Amino acid sequence: MPLFRFLVLTLGAARAKTGIQSLAATACAVLGMTLISTTPVSAASIGLNSPEAKAVIQTYFEENITPWLSEPTLLGAIRDQNETTASLSEADILQFDKVWRAQVVTEDRPMVDQVIHSNIANFFVHSVAGNGGIITEIFIMDAKGLNVAASMPTSDYWQGDEAKFQQTFSVGVGAVHVSDIEFDPSTDVSQSQVSATITDPATGEPIGAITVGVIADILM
């Protein structure tokens, strides 16, 4: 099935699950007095980091994102990059990461553009735009934890030293990691990142990982 057709079907299923819920201020009675909080609601105050909340995010990921991970075009992009980066040393990786960090804040950024302008990256961009506001970003990594494709530039090129990679690819097949849900006062929303190992169905071996940023408030 062509990549675009596959993604249109997947996005249709994702949109059907979308339902926007706004957070409301809470009131409580203490010693017969009603107190209304004027402090912004935080993720912690509404229990968004409970196991139940993280389970909701993981379920959304498994139902809507996991089907992409067996798509031949996505797998092919990771396999191709793994062949290119297999021989890189740690020093090489750190140098590439340094170049990326320098380019990401400039207009002339060939390294960054290669990651955010590809068939897979374009699909990720459309996914972010067309899923009802649930997804904020998507990117995939190779076996070294280096970016392969992304919906938008990430702050760094190498994710190998972060939980999104260490708790997925480094753990093995079937591993999923849901980050702590953090409330952002500037946007008044709570966000999380859910990551998972990408496994090559031809070999049964991990070949990379994916990270998807989500607005937790919409899913709760």
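User: Is glutamate 62 buried, partly exposed or exposed?

Analyst: In this predicted model, glutamate 62 sits in helix α2. Buried requires under 20% relative accessible area and exposed requires over 50%. The value for glutamate 62 is 39%, so the residue counts as partly exposed.

User: How far apart in space are glutamate 62 and alanine 196, C-alpha to C-alpha?

Analyst: Along the sequence, 134 residues separate glutamate 62 from alanine 196. In space, the C-alpha to C-alpha distance between glutamate 62 and alanine 196 is 9.5 Å.

User: What share of the contacts with a separation of 6 or more joins residues 24 or more positions apart?

Analyst: The protein has 8 helices and 8 strands. Among its contacts with a separation of 6 or more, the share from residues 24 or more positions apart is 62%.

User: Which strand pairs with β7 over 10 bridges?

Analyst: β5 (residues 176-178) runs antiparallel to β7 with 3 bridges, and histidine 177 is opposite serine 195 there. β6 (residues 182-184) is also antiparallel to β7, again with 3 bridges. The 10 bridges, likewise antiparallel, link β7 to β8.

User: In the hairpin of β6 and β7, which turn residue has a positive phi?

Analyst: Aspartate 184 has valine 189 in β7 as its bridge partner. The hairpin leaves 4 residues between β6 and β7. The turn residue with a positive phi, about 65°, is aspartate 188.

User: And in the hairpin of β7 and β8, which residue takes a positive phi?

Analyst: Two pairings place the strands: serine 192 lies opposite valine 214, and isoleucine 198 has glycine 208 as its bridge partner. Between β7 and β8 there are 4 residues. The one with a positive phi, near 75°, is glycine 204.

User: Which residue in the turn between β3 and β4 has a positive phi?

Analyst: β3 and β4 form a hairpin with 5 residues between them. A positive phi of about 85° in that turn belongs to glycine 145.

User: Which element gives the largest share of the largest nonpolar core?

Analyst: This core holds 33 residues, and those with the most contacts inside it are Ile57, Leu74, Phe124, Ile140, Ile198, Ile210 and Val212. Several elements give two or more residues to it, including α2, α3, α6 and β7. The largest share, 5 residues, comes from β8.

User: How many residues are in the second, separate core?

Analyst: Ile93, Leu146, Phe169 and Ala209 are among its members. The second core has 17 residues.

User: How many of the 11 residues of β8 are buried?

Analyst: For the protein of 220 residues, the buried fraction is 42%. β8 is mostly covered, and the number of its residues that are buried is 9.

User: Which residues does leucine 74 touch, leaving out those up to four places away in sequence?

Analyst: Leucine 74 is one of the residues with the most contacts inside the largest core. With the sequence neighbours left out, leucine 74 touches Trp68, Leu69, Ile120, Phe124, Ile140 and Ile198.

User: Why does serine 151 count as buried?

Analyst: Serine 151 lies in the loop between β4 and α7 (163-166). Beyond four places in sequence, its contacts are Ala121, Phe124, Val125, Val128, Glu137 and Ile138. The cut-off for buried is under 20% relative accessible area. Serine 151 counts as buried because its relative accessibility is 16%.

User: What is the volume of the largest pocket?

Analyst: Residues lining the largest pocket include Gln81, Phe96, Met111, Asn147 and Tyr157. α3, α5 (110-116) and β4 each supply at least two residues of the lining. The volume of the largest pocket is about 270 Å³.

How values were computed. Residues are numbered from 1 along each chain as its sequence is written. This is a predicted model: local features need pLDDT of at least 70, side-chain atom pairs count only at pLDDT 80 or more; totals for chains, interfaces and linings use all residues. Side-chain values use heavy atoms; hydrogens and water are left out. Two strands pair if DSSP finds at least two bridges between them. A nonpolar core is a set of buried Ala, Val, Leu, Ile, Met, Phe, Trp, Tyr and Cys residues joined through side-chain atoms within 4.5 Å. Buried means under 20% relative accessible area, exposed over 50%, partly exposed in between (1.4 Å probe, protein chains only). Contact means heavy atoms within 4.5 Å. On a 1 Å grid over the protein atoms alone, a cavity is a set of points where a 1.4 Å probe fits but cannot get out, and a pocket is an open set with protein on both sides within 12 Å along at least five of seven lines; lining residues have an atom within 4 Å of a point. Grid points are joined across faces, edges and corners, and a volume is the space filled by probe spheres set on the points.
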